[in-house]
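Work through the exercises below with the structure open. Each task is followed by a solution in steps.

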Amino acid sequence: MNTADAKRILETALMCSSQPLTLRDMRVLFDEEVGTDTLKSLLAQMQDEWAQRGMELVGVASGWRFQSRPEMRDFLDRLHPEKPPRYTRAALETLAIIAYRQPVTRGDMEDIRGVTINSLILKQLEDRGWVEVIGHRETVGRPALYATTRQFLDDLGLASLDQLPAIEAPHQPGDMAQALAGRGLPPEAGQPALPMETVPVPEPQAPSAEAAATGSAITPDAEPTAPAPPPPAAASPDTNTFPEAPHD
């Protein structure tokens with residue numbers, strides 16, 4: 001197999017795969033006839049060949065993939081004019097703290113931010129596949145230690161944490177969050193952003209005319225009163241009496 005055929009096969013597999021391909025996947029693709037060093041050389045050649053195109057070949061934490069270049073995002077967004085929900089500042093700062101200071105506990109995050117962190121934020125980041133619990137700190141209460149995942153690196157187009165944007169003030173959550181936002185959050189994976197931290201409040205309903213007349217209207221926050229238990233039944237005259245003993 002010549003180099004041109006090998007690159008065409010690699011290009012097709014990478015384009016058709018919904019997930020990044022590892023070097024092991026590529027070796028399987030060629031039935032182990034192409035070694036790892038050769039594959040790396042082919043990938044480097046393909047990166048050069050695609051340098052002037054709208055797509056780029058990149059190596060991320062989970063493997064290799066084709067993706068659109070950042071400068072193409074404005075044009076691609078026109079195909080989907082609806083705007084996804086924005087991240088809350090609390091969610092983005094929490095994610096940034098975990099990314100730059102991992103592994104960290106919830107207490108560490110709260111010390112850095114200076115405010116209490118809603119447990120819903122951590123659950124949302126876990127459900128998104130960006131953070132996970134990797135262990136527990138050996139201290140009172142054994143708090144969970146949080147770290148980012150490979151999915152987080154993949155969505156930001158990074159191969160490792162060393163490629164995170166450098167920041168001047170690593171102790172300021174706002175600077176860390178701004179650095180992550182510069183990487184293009186929400187990612188190009190097309191997943192919706194985390195929802196805003198809003199809780200719908202039901203509107204109070206006006207009491208009906210009949211209820212207002214009888215004075216039995218119940219406010220939205222009131223709990224219905226349980227009916228009073230019935231009074232105990234009176235004992236009958238024969239209750240707790242014993243039969244007379246027989247006479248001799």
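**Exercise 1.** Find how many aromatic pairs a search of the whole structure gives, and classify each by its geometry.

Solution. The model is a predicted one, and the search of the whole structure finds two aromatic pairs.

Step 1. A pair of aromatic rings is described by the distance of the centres and the angle of the planes.

Step 2. For W50 and F66, the ring centres are 4.7 Å apart and the planes stand at 50 degrees, so this pair is tilted.

Step 3. For W130 and F152, the ring centres are 6.3 Å apart; the planes stand at 75 degrees, so this pair is edge-to-face. The cut-off needed here is over 60 degrees for edge-to-face.

**Exercise 2.** State which parts of the chain the W50 and F66 pair ties together, and whether these residues are buried or exposed.

Solution. Step 1. W50 is in the loop between helix 3 (36-49) and strand 1 (55-60), while F66 is in strand 2 (residues 63-68), so the pair ties together parts 16 residues apart in sequence.

Step 1. Both W50 and F66 are buried.

Step 2. The charged end of R53 also sits over the ring of W50, 4.4 Å from its centre.

Terms used:
Residues numbered from 1 in each chain as written. Predicted model: local features only at pLDDT ≥ 70, side-chain atom pairs only at ≥ 80, totals over all residues. Heavy atoms only, no water. Phe/Tyr/Trp six-rings, centres within 6.5 Å; stacked < 30°, edge-to-face > 60°. Helix = DSSP H or I, 4+ residues; strand = E, 2+ residues; numbered from the N terminus. Buried < 20%, exposed > 50% of the residue type's maximum accessible area, 1.4 Å probe, protein only. Lys NZ or Arg CZ within 6 Å of the ring centre and 35° of its normal.
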